[in-house]
Amino acid sequence: MAQEASSSTSSKTISLKTGDGEIFEIEASAAKQMKTVQRLIDDLGDDITIPLHNVFSKELPKIIEYYKKDITGEITKDFEAEFVKDLNDDEVKVLFLAANYLDANKLFEFLSQNIADRLESKSVEYVRKYFGVENDFTPEEESKLREERAWSFRGIKEDE
Amino acid sequence: MASTSRNEKKVSGANNYIPESIVFPILSKLPVKSLKRFSCVSKSWTHLFENPVFINMFRKNLVSKSHSLYNDDDDDVYFVLHQYVHSFRWDFYVLCGDKFEYKLKMDLPSSFHIRVIRILGSAMNGVFCIYDCDNHTMAALWNPATEEVKVIPPGSAEFQGQFTTEIVLHGFGYDHVTDDYKLIQHVSYITFNESSDDIHGLFWEIYSLKSNSWKKFNFDIPVRDWITGSDVYLNGECHWWGKVNNESYLVSFNLCKEAFLITPSPIENVQDGDVDLVVLYGHVAMISNRNKTSFQISILGEFGVKESWIKLFDVEPLFGIEQPIGTVMKGKIFFRKKDGELAYIDLITGLIQEIGIEGGKSWCQMVIYKKNLRRFGAINM
C-alpha cells in the first residue's frame, strides 16, 4: 500500500490557486519543497486545489520554474543568474516574500543572497525605502552617525 | 529560527514594512562595510552586531561562504605540529584524519643545523620557511614532499663590534603575480647605553626566491610587537601585529605591490602575547585575551578601519583549557589543555575534541600545510 502511494505521488500534480484566482500545477515532489504547501496538502488532501492567498499569478510561475529545476537536480550558478537577471529589485523582493510565505527554503536562501548582492552598494535612503523602515534619528543624530561611519560611505552614490 | 515567525504574512500596500525575521537573513549576507553604513537606516539597525540572533546568522553565512572557497581536495590540507622535545631537538609531525588523530613524523633534512627552529607563518604551496628563532640569521625554504631545501642567503645586515645587530623576520608569502616566494625582515642596530638604548640604521628588506637576493626598503612600518607573535598570510599579503608609540596595529604588507596598510587595534593596552592573529573564514582575525581562560575572536571587516573589527565569538572560561595555540583551521580553534593535551573547539557547534597529542608549553606550533609535489626550483642539499 505504501509502495503504491509513493509511485503515484512521484508523478502526481497538485493544483495551486493564487490570491488573484489563477490555477497552476506543480508536481507533488516540488510541492514537498514548499513547506507551507505541504502542510496544506496534509490538512486538505492532495486532490483539492490548494489556495495560496498571499501568492499571486505574477510570482507563482517563476517559483514553480525554480522548483521544477530543483527536483531534477539541475540548479546551477548559471541557472540562478539567469533566473534573476531580468528582475528588478522590487520584483525580486516580491518573489522573496512569496518564498518566505511558502516556506520554500532553498529559494528563500538564494533570493536573500541575491538581494544582499543588490543592496551591497546602495544608499541608506534606498535601503530604508526598500524595507519600509522609518528613519527615527533626529537630523543631528543622523549626521553624527554618518560622520563616524564616513569610511563606509566611500564610493557610494547617495542618490541611488 | 522559529518557523512560525517566518510565516508571518505582511500585507503589502502603503506600509511595506518587512519584519526583522525576514530582513536578517538578507542583512546577514552583506559585507561589514555595507552593514556599518546601513546602521544609519534606523536606531535598531545601529546595534545589529550586538544582536545575538543577527550575529549568529552572520557567522553561519561566513562559514558557508568560506566552505565554498575550499577546493575539493580539502582532505589534503593538514596540520604540521612542531615542537620542542629536549636539548634542542625538534619534532615535526603531519597531523591528518577527520579529527587530526593520525600523526606522521616528518624528518628534517640532515643539512639543517638550526638550534632553535621555528616556522615562519604558514606553509605556502607546501613550502615552509623555517628559521632560527634565536637571532633570525638562518632561514631556509623547505618542501618536505619534494625534499627541496633552499638556504636563504644573508641580507644587508652588518655585524660590527660596536653595536648589536637585530634581525627580525616578519613574513613569508607567495607573490602569485610573479610566481615567487618572498620574505620580509627588519634590521636594526642597537647600541646598549647605560641610560637608554640607541637604535639606528633601521631598514626593511625583502627577499625574492626568483632573484635569490634581498632588496632594501625604507618603509615606516610598525615592527613586530613581540618576537614569537603570530603572523599570517592571506591573499598575497603578510599580516603581523605591530607597535608604534605604544599603540598596537595590524600591519598588512602586500607582497605583490610592496606596499603596506595599518589598522588600529580595537582594544587598548595590548600586552605581550595577548593577541594572536589567525585566518578565520577567509578573513584576518584576532584572538584576544588569550592569556586568560576566556578569549574573544574578532574578524577584520575592512583593512585600515578600526571600527570594522567585528567580535564574532566570546569563548567562555572552559574547564581545563590553558591557552589557545594561535591556530584556526576550518572554524576549529586549537588550544592546549592544562594536562598538556591538544584539542580543538569547533566554533559553530561548540564541540571540543582532543586530538590525542600532547603539546609542549612554550614551543608548540601548529601550521596549516598542503602537500605539493611542485618543485620550487631549489637544488637538493
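Helix 5 of chain B supplies the largest share of the lining of the second largest pocket, namely eight residues. The model is a predicted one, and this pocket has a volume of about 730 Å³. Its lining comprises 23 residues, of which Glu109(A), Gln113(A), Lys29(B), Asn61(B) and Ser64(B) are the closest to its centre. Two or more lining residues come from each of helix 5 (77-85) and helix 7 of chain A, together with helix 5 (52-69) of chain B. By residue class, the lining of this pocket divides into eight nonpolar, seven polar and eight charged residues.

Chain A contributes 43 residues to the contact, and chain B contributes 32 residues. In chain A, the residues that lose the most area to chain B are Phe131(A), Arg149(A) and Trp151(A), which together account for 22% of what that side buries. The size of an interface is often expressed as the accessible area lost when the parts come together. Here, chain A and chain B bury about 3400 Å² between them, with 61% of it on carbon and sulfur atoms.

Three salt bridges are counted between chain A and chain B. A salt bridge joins the side chains of Glu141(A) and Lys43(B), with an N to O distance of 3.6 Å.

On the side of chain A that touches chain B, the elements that give two or more residues are helix 3 (35-44), helix 6 (89-101), helix 7 (105-119), helix 8 (124-131) and helix 9 (139-148) of chain A. Helix 7 of chain A gives the most to this side, with eight residues. The residues of this side divide into 17 nonpolar, eleven polar and 15 charged.

A search of the whole structure finds one cavity of 30 Å³ or more, and about 50 Å³ of space lies in the largest cavity. The largest cavity is lined by Arg149(A) together with Leu35(B), Lys36(B), Ser39(B), Trp45(B), Thr46(B), His47(B), Leu48(B) and Phe49(B). Helix 3 (32-37) and helix 4 (43-46) of chain B are the elements that give two or more residues to this lining. The lining residues of the cavity divide into four nonpolar, three polar and two charged.

Definitions and conventions: Residues are numbered from 1 along each chain as its sequence is written. Chains are lettered from A and ligands numbered from 1 in the order in which they are written. This is a predicted model: local features need pLDDT of at least 70, side-chain atom pairs count only at pLDDT 80 or more; totals for chains, interfaces and linings use all residues. Side-chain values use heavy atoms; hydrogens and water are left out. Contact means heavy atoms within 4.5 Å. Buried area is the accessible area (1.4 Å probe) that two parts lose on being put together, summed over both. A salt bridge is a side-chain nitrogen of Lys or Arg within 4 Å of a carboxyl oxygen of Asp or Glu. Helices (H or I, at least four residues) and strands (E, at least two) are DSSP runs, numbered from the N terminus. Ala, Val, Leu, Ile, Met, Phe, Trp, Tyr, Cys and Pro count as nonpolar, Asp, Glu, Lys and Arg as charged, and the others, Gly among them, as polar. On a 1 Å grid over the protein atoms alone, a cavity is a set of points where a 1.4 Å probe fits but cannot get out, and a pocket is an open set with protein on both sides within 12 Å along at least five of seven lines; lining residues have an atom within 4 Å of a point. Grid points are joined across faces, edges and corners, and a volume is the space filled by probe spheres set on the points.
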